[in-house]
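Hi,

Here is the structure we talked about. Have a look, and my notes follow below.

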Amino acid sequence: MTYNTTTFIEMLSYRRPEGARAQLKFCRRYLEPVFGKPDAKGNYILRIGDNPRIAYMSHHDTVHSQSGRQKIVVRNEFAATSGDDCLGA
């Protein structure tokens, strides 16, 4: 999968409460093409090189209480929601 600005804005549009279908759909659509399937605890791991020494970590759920999509707008080169919602965590 190739990621570009349009893909990034689309990724931000997902409301992903922990354990919700939207979170699973998000992971399958955007994370698994890059990282493969998650481990037994739900972690996506990508090792680069034979002896990696740097780790980047994040979570893929959001603070939303309900799943769904939200409208994202770009203002002055920054992404924002179109209302009172939030972009993520």
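The residues that line the largest pocket split into 20 nonpolar, 9 polar and 4 charged (nonpolar is Ala, Val, Leu, Ile, Met, Phe, Trp, Tyr, Cys and Pro; charged is Asp, Glu, Lys and Arg; the others, Gly among them, are polar). A pocket here is an open set of points on a 1 Å grid over the protein atoms alone, with protein on both sides within 12 Å along at least five of seven lines, and lining residues have an atom within 4 Å of a point.

Before you read on: this is a predicted model, where local features need pLDDT of at least 70 and side-chain atom pairs count only at pLDDT 80 or more, while totals for chains, interfaces and linings use all residues. Residues are numbered from 1 along each chain as its sequence is written, and side-chain values use heavy atoms, with hydrogens and water left out.

Back to the pocket: 33 residues line it, and Phe35, Tyr44, Tyr56, Met57 and Ser58 lie nearest its centre. The largest share, 6 residues, comes from α2 (helices are DSSP runs of H or I, at least four residues; strands are runs of E, at least two; both are numbered from the N terminus).

Lys25 also lies in helix α2. Lys25 counts as partly exposed because its relative accessibility is 49% (buried is under 20%, exposed over 50%, partly exposed in between, with a 1.4 Å probe and protein chains only). Leu46, in the loop between α2 and β2 (68–69), is partly exposed too, at 46%.

Cheers

Key:
On a 1 Å grid over the protein atoms alone, a cavity is a set of points where a 1.4 Å probe fits but cannot get out, and a pocket is an open set with protein on both sides within 12 Å along at least five of seven lines; lining residues have an atom within 4 Å of a point.
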